[in-house]
Amino acid sequence: MPKSVYIHIPFCLKKCAYCSFLSGLNPRCSGVYTDGLVKEIKNFYRGEKLNTLYFGGGTPSLLSVDEIQKILKCFKTDEKTEITLEVNPKTCDKEKLKAFKNAGVNRISLGVQSFDDKLLKITGRTHSVKEALQSIENIVSAGFENYSIDLIYGLPSQSLEMWHKTLDKAKSLMPPHISLYGLKIDKGCDFYKNPPKDLPDDDLQADMYEAAVEVFAKYRHYEFSNFARSFMFRSRHNLTYWNLAPYYGFGLGASGFSGTFRYQNECNFEEYLKNPAKEKSYERTNLLEEHIFLGFRKSSGININKINRIFKIDFDKKYALQLEKFLTLGLIQKTLHGYKLTLKGVMLSNSVLCEFLDDVL
């Protein structure tokens, strides 16, 4: 049974130039959208006590505290439930953060992206470095012990020196959790329609990633892009995805997973609101492929005993050629329960994973 919930909030003050997510809608529609969400939740949620609940977007912090409370009241949670709210530095003052905390939110994910005003402007972010720093101060003042900051590398005109300054600033703040993402330009974002100049090449992006790993060496690097100051600050919700645990997805375009089948909600806003409780259309997924792909994302790597048990295979025999090749090249290493990528392997993960996944069927 699902023990986790993802809720998609599609509203933004302004859509960022790199964003291809289903977002950017006018927040004045939040009231009617919240009502639709409640209808969907009541029709599909089966009353399980939740381990995690995540408000993603978009900019969930654009919702009012009353709207967040209205949604949270639909679920069975307790003090152990990790309840995360994504926040834009432009949309939350200290009083609103306190109100969110009183409503039950106990983890904040703050979209900082850069501690460089020039890069924030290039990417279309609505906040400044000063506002980002004030937001972090407000989060702490509001009583949040568990929060994360997002940063992006590989941005247009970003040098290694600029990235180091952002990393050093982030490290000085000692956030409980850091998520670092390499810029991806996907179809649907402004950067795709209007390709920026001076993008860092693959080698420079690799240098940026390696620099981040070095700067946050004292953090637990538990997944490709994620670093936790201690075990307790890992994102339990994201671990739901990487461990292939089932979860509900509610809201416009949200995806859910039954443990065997996946579904995606209606992506058209008007159509979604016409019937939020519309029956889901499930599609079978290749679970072996996902166990390999998602398992290698984690610093602990893949558990071949688990894979062998679930899929009735001998992993070492099935992938003997790939294992021999990548062990020899130093891209993977043996662990107590299976295999994991080395730092060099992470840099070349697409090439490594492709050879495993090509032989899944």
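The exercises below work through the helices, the sheet and the nonpolar cores of a predicted model.

Residues are numbered from 1 along each chain as its sequence is written. Because the model is predicted, local features need pLDDT of at least 70 and side-chain atom pairs count only at pLDDT 80 or more, while totals for chains, interfaces and linings use all residues, and side-chain values use heavy atoms, with hydrogens and water left out.

**Exercise 1. Helix H6**

Task: Work out what span helix H6 (residues 160–173) should have, and find which of its residues are buried.

Solution: Helices are DSSP runs of H or I with at least four residues, and strands are runs of E with at least two, both numbered from the N terminus. The expected span of a helix is 1.5 Å times one less than its number of residues. For the 14 residues of H6 this gives 20 Å, and the end C-alpha atoms are 20 Å apart, which agrees.

Next comes burial, where buried means under 20% relative accessible area, exposed over 50% and partly exposed in between, with a 1.4 Å probe and protein chains only. In H6, the buried residues are Met162, Trp163, Thr166, Leu167 and Ala170. Seen down the helix axis, they fall within an arc of 135 degrees (taken from the directions from the axis to the C-beta atoms), so they line one face of H6. Glu161 and Lys165, on the other side of H6, are exposed. The buried residues pack against helix H4 (117–122), strand E5 (147–153), strand E6 (177–182) and helix H8, contact meaning heavy atoms within 4.5 Å.

**Exercise 2. The nonpolar cores**

Task: Which residues of the largest nonpolar core touch the most other members, and what does Phe315 touch?

Solution: A nonpolar core is a set of buried Ala, Val, Leu, Ile, Met, Phe, Trp, Tyr and Cys residues joined through side-chain atoms within 4.5 Å. Among the 82 residues of the largest core, Ile7, Phe55, Phe75, Leu180, Phe250 and Phe315 touch the most other members. Helix H8 (residues 202–215) gives this core its largest share, six residues. Apart from this core lies another, of 11 residues, including Tyr18, Leu119, Ile152 and Met162.

Finally, take Phe315 by itself: leaving out residues up to four places away in sequence, Phe315 touches Ile292, Ile302, Ile304, Ile307, Asn308, Leu323, Tyr339 and Phe356. Phe356 is also one of the buried residues of helix H16 (residues 349–357), along with Ser349, Val352 and Leu353. Seen down the axis of H16, its buried residues fall within an arc of 90 degrees, so they line one face of the helix.
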